[in-house]
Amino acid sequence: MNNDLSWMLDSALEIPGALHAVLISADGLLMARTKDFGKDDADRVAAGMSGVQSLSRSLAFFCNGSQHQWRQTLVEFDGGWVFLISAGQGAYLGVSASPDVDMADITFRMQQLVGQLGKALMAPPRENLGVRP
């Protein structure tokens, strides 16, 4: 299996206004990033987003009870948006976008991407198909 998933993440940038995308593990480790986003910055974002999703999950009770499952966190800044969603068991997808991004388009694209990533992350490694003794 090709562990470089950056080509998949780059498809999120097809939405006008989308800037960068990262795939992170629940413990804050960078799993993949879009090609135009530097590794050092992506590592910083991965650590921060891990904290953001943890804080978001702890606020479920604030939404009329504690049995709600976290789905998405959206943070607005003067210069744009950060979207964070679950990307399967122990993985999260984060996308940054400019202020004028179509929020419905970016969240829909992220959901599509999560479906594709789920298949790639769950695919078992191939066995060596060479000559067998």
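1. By the ring rule used here (rings of Phe, Tyr and Trp, for Trp the six-membered ring, pair if their centres lie within 6.5 Å, with planes under 30 degrees apart counted as stacked, over 60 as edge-to-face and the rest as tilted), the count comes to one aromatic pair. The pair is edge-to-face, because the ring centres of W70 and Y92 are 5.6 Å apart and their planes stand at 70°. The two residues are 22 apart and link distant parts of the chain, with W70 in the loop between α2 and β3 and Y92 in strand β5 (residues 91-97). Both W70 and Y92 are buried, where buried means under 20% relative accessible area, exposed over 50% and partly exposed in between (1.4 Å probe, protein chains only).

2. This is a predicted model, in which local features need pLDDT of at least 70 and side-chain atom pairs count only at pLDDT 80 or more, while totals for chains, interfaces and linings use all residues. Residues are numbered from 1 along each chain as its sequence is written, and side-chain values use heavy atoms, with hydrogens and water left out.

3. Five strands form an open sheet in the order β2-β1-β5-β4-β3, with antiparallel pairing; strands are DSSP runs (E, at least two residues) and helices likewise (H or I, at least four), numbered from the N terminus, and two strands pair if DSSP finds at least two bridges between them. Because β2 (30-33) and β3 stand at the edges with a single partner strand each, one side of each is left without a neighbour in the sheet.

4. Strand β4 (residues 80-86) pairs with β5 in the antiparallel sense over six bridges, and V82 has S96 in β5 as its bridge partner.
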